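These are my notebook entries on one structure. I record what I looked up, topic by topic.

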Amino acid sequence: MVPRRRLPGADPSNLWGNAREGREVPIELQSPLERQARRVASGAEIVLEHVTRTYRVRRGMDVRALADVSLRVAPGELLAVVGPSGCGKSTLLELLCGLQSPDAGTVACAPAVLMPQLDLLLPWLSALDNAALALRVAGASRTQARARAAGLFAELGLEEFERARPHELSGGMRQRVAFLRTLLAGKPVLCLDEPFGALDAITRSEMQEWLAATLAREPRTVVLVTHDVEEAVLLADRVAVLSPRPGRVLAELEVELPRGGPGRVRTDPDVIALRERALSVLGMGARG
Ligand SMILES: Nc1ncnc2c1ncn2[C@@H]1O[C@H](COP(=O)(O)OP(=O)(O)OP(=O)(O)O)[C@@H](O)[C@H]1O
Ligand SMILES: [Mg+2]
């Protein structure tokens, strides 16, 4: 009988805060990426060096998504990645999560979980069972998984919606359930692909505040892909600006303001200046 694999962070009694203990997985049970991640150790959770990724679409037709991308992300840091549509942002996240391999260069990343661009909730499961899915996949019993997820519903403003099906939830609530599922995977690195892309401006703004507060309570290393430069500046420690395809890193902008602090508002002059700098790197210059 094949022994059941216990994934990092799979101890159902300690799933909320055990991301780092998750690395205590026996070495033989770790994926090559996880083994590689152990070697990252020296102060960075993610190291990409000269990464290139090309898709072979049809014979004789290659699409180069990323070219010579080098990035480092420290533990607990939130790196936002902005760039034009099709410049390889989703590809970058899939590389970090081990869903793809680079053609050239190296990717070293601690165990990472992807929140995909679409929320991909299962329509036949309740909100609670959707949120608990990662725990079930990791081997927790249904009762344990539900109990663990239920404890967090109120914290995420989802109380009383445990039994709702995804179609009965608002867009923002669906995103929160999807985010909860991502968080409960218990991995130290979260790769969030346009988590608020489909939301209206008001809900989006509420969700940004909610994400900042949640990460303040439950710190993780985060790579946040967004097409919204202002969102990047409001949420991140650093913003990597990518070129049009093939994506290359054009600039990395430090956001010096404390995350979640009073200065992180749209109207703050530093936020405005950084937003304009990122837009000008993108070739979109001062607007208006
Ligand atoms: N599985 C695939 N097979 C072939 N080509 C792909 C595949 N996935 C992505 N591509 C191509 O690679 C390029 C980068 O795609 P990717 O999805 O990473 O871009 P993106 O920056 O996330 O775009 P968007 O902002 O629109 O989500 C695009 O030209 C896309 O057509
Ligand atoms: Mg994408």
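This is a predicted model: local features need pLDDT of at least 70, side-chain atom pairs count only at pLDDT 80 or more; totals for chains, interfaces and linings use all residues.

**Entry 1. Ligand surroundings.** I looked up the shell around ligand 1 and found 15 residues, the closest being Tyr55, Ser85, Lys89, Ser90 and Thr91. Which elements give two or more residues to this shell? They are β1 (46–58), β2 (61–73) and α2 (89–96). Helix α2 supplies the largest share, 3 residues. By residue class, I recorded 8 polar, 5 nonpolar and 2 charged residues in the shell around ligand 1.

**Entry 2. Confidence.** I checked the pLDDT next. The protein averages 83, and 84% of the residues score at least 70. Where does the pLDDT fall below 50? One such stretch is residues 1–32, which has 46 contacts in the model beyond near neighbours in sequence. Residues 34–39 are also below 50, and that stretch has 9 contacts beyond near neighbours in sequence. Among the elements, helix α1 (residues 32–40) has the lowest mean pLDDT, 47, while strand β3 (residues 78–82) has the highest, 98.

**Entry 3. Overall composition.** I counted 9 helices and 9 strands in the protein. Of the 288 residues, 39% are buried. I then took the contacts between residues at least 6 apart in sequence and found that 71% of them join residues at least 24 apart.

**Entry 4. Helix α6.** I looked up helix α6, which comprises residues 171–184. Its 14 residues reach 20 Å from the first C-alpha to the last, close to the 20 Å expected at 1.5 Å a residue. How many of its residues are buried? I found 11 of the 14, and the helix is mostly covered. Among the buried residues are Arg174, Arg176 and Arg181, together with Phe179 and Leu180. I then asked what covers them: the list includes β5 (112–115), α3 (127–131), α4 (133–137), α5 (142–153), β6 (189–193) and α7 (201–217). After α6 comes Gly186, with a positive phi near 70 degrees.

**Entry 5. Leu120.** Leu120 lies in the loop between β5 and α3.

**Entry 6. Helix α9.** I applied the span check to helix α9 (residues 269–281) as well. At 1.5 Å a residue its 13 residues should span 18 Å, and the end C-alpha atoms are 18 Å apart, which agrees. Leu274, Arg275, Ala278 and Val281 are buried in α9. Why do I place these four on the same side of α9? They cover an arc of only 125 degrees around the axis, so they share a side of the helix. The face turned away from that buried side carries the exposed residues Pro269 and Ala273. The buried residues of α9 pack against β3, α8 (229–235), β8 (238–242) and β9 (249–254). I close with Gly283, which follows α9 and has a positive phi near 80 degrees.

Notes:
Residues are numbered from 1 along each chain as its sequence is written. Chains are lettered from A and ligands numbered from 1 in the order in which they are written. The expected span of a helix is 1.5 Å times one less than its number of residues. A residue is buried if 20 or more other C-beta atoms lie within 10 Å of its own, exposed if 12 or fewer, and partly exposed in between; C-beta atoms are placed from the backbone. Two residues are in contact if their C-beta atoms, placed from the backbone, lie within 7 Å. A residue is near a molecule or strand if its C-beta atom, placed from the backbone, lies within 6 Å of it. Ala, Val, Leu, Ile, Met, Phe, Trp, Tyr, Cys and Pro count as nonpolar, Asp, Glu, Lys and Arg as charged, and the others, Gly among them, as polar. pLDDT is the predictor's confidence in each residue, from 0 to 100. The arc is that of the directions from the helix axis to the C-beta atoms.
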